[in-house]
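Visitor: I'd like to go through this one with you and ask how you back up each label. Shall we start once it's on screen?

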Amino acid sequence: MNTDVNQGSNLSRAPIVSIVARHSNSGKTTLLEKLLHETKKRGWRVAVVKHDAHEFEMDKPGKDTWRFAQAGADVVAISSVHKMAIIETREFERALDEVLERLPEVDLIFTEGYKHGDKPKIEVFRSEVHKELFTKPEELIAIVSDVQFDVGVPCFDLDDAAGICDFLAEKYRIKKS
């Protein structure tokens, strides 16, 4: 478990890396899927926090948890042997740090969709979708792209999940299993 004090107010908080891009359909989710497969091979425990600018719906109409929320519950939790979820009604959006405070201990936290946040960023850049980098150089820790950049941070190929995870393991001292 990574115990760096470099992120958040919890002393044991895992490193946080935001996967960002200027536009939707840039390949962020595809990259995250590849990274998650690679991190699981390495035995890492990983959390992902996805920002949604729209109203999302996790519950299914007619199911018990949906019925409880419709009846007025402000928080509905569902738990089974292998999964747990909590759905909370909010009057305003929680800040990313507040969301992160609620996560269990993991080795690494990825975020997707927090491109204006203050966490270290890996920018996904595809030449068919983008014309220039979106992220300020001082916020970047790496670029994942189909073209090379020389901006002072490593640049990885879109399919190099192993190389990106090697980089993250070294940067954040995440143990390999």
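Visitor: What is the mean pLDDT of the protein?

Guide: The mean is 86, and 89% of the residues reach 70 or more. Over residues 1–12, though, the pLDDT is below 50, while this stretch has 27 contacts in the model beyond near neighbours in sequence. Where pLDDT is low, the predicted coordinates should not be read in detail.

Visitor: How do you know that the span of helix α4 agrees with its 12 residues?

Guide: Count 1.5 Å a residue: residues 161–172 should span 16 Å, and the end C-alpha atoms are 16 Å apart, so the two agree.

Visitor: Which residues of α4 are buried, and what do they pack against?

Guide: A161, G163, I164, C165, F167, L168, A169 and Y172 are buried. The buried residues of α4 pack against β1, α1, β5, β6, β7 and β8. Just after α4, R173 takes a positive phi of about 55 degrees.

Visitor: How many of the 177 residues count as buried, as a percentage?

Guide: That comes to 37%.

Technical notes: Residues are numbered from 1 along each chain as its sequence is written. This is a predicted model: local features need pLDDT of at least 70, side-chain atom pairs count only at pLDDT 80 or more; totals for chains, interfaces and linings use all residues. Side-chain values use heavy atoms; hydrogens and water are left out. pLDDT is the predictor's confidence in each residue, from 0 to 100. Contact means heavy atoms within 4.5 Å. Helices (H or I, at least four residues) and strands (E, at least two) are DSSP runs, numbered from the N terminus. The expected span of a helix is 1.5 Å times one less than its number of residues. Buried means under 20% relative accessible area, exposed over 50%, partly exposed in between (1.4 Å probe, protein chains only).
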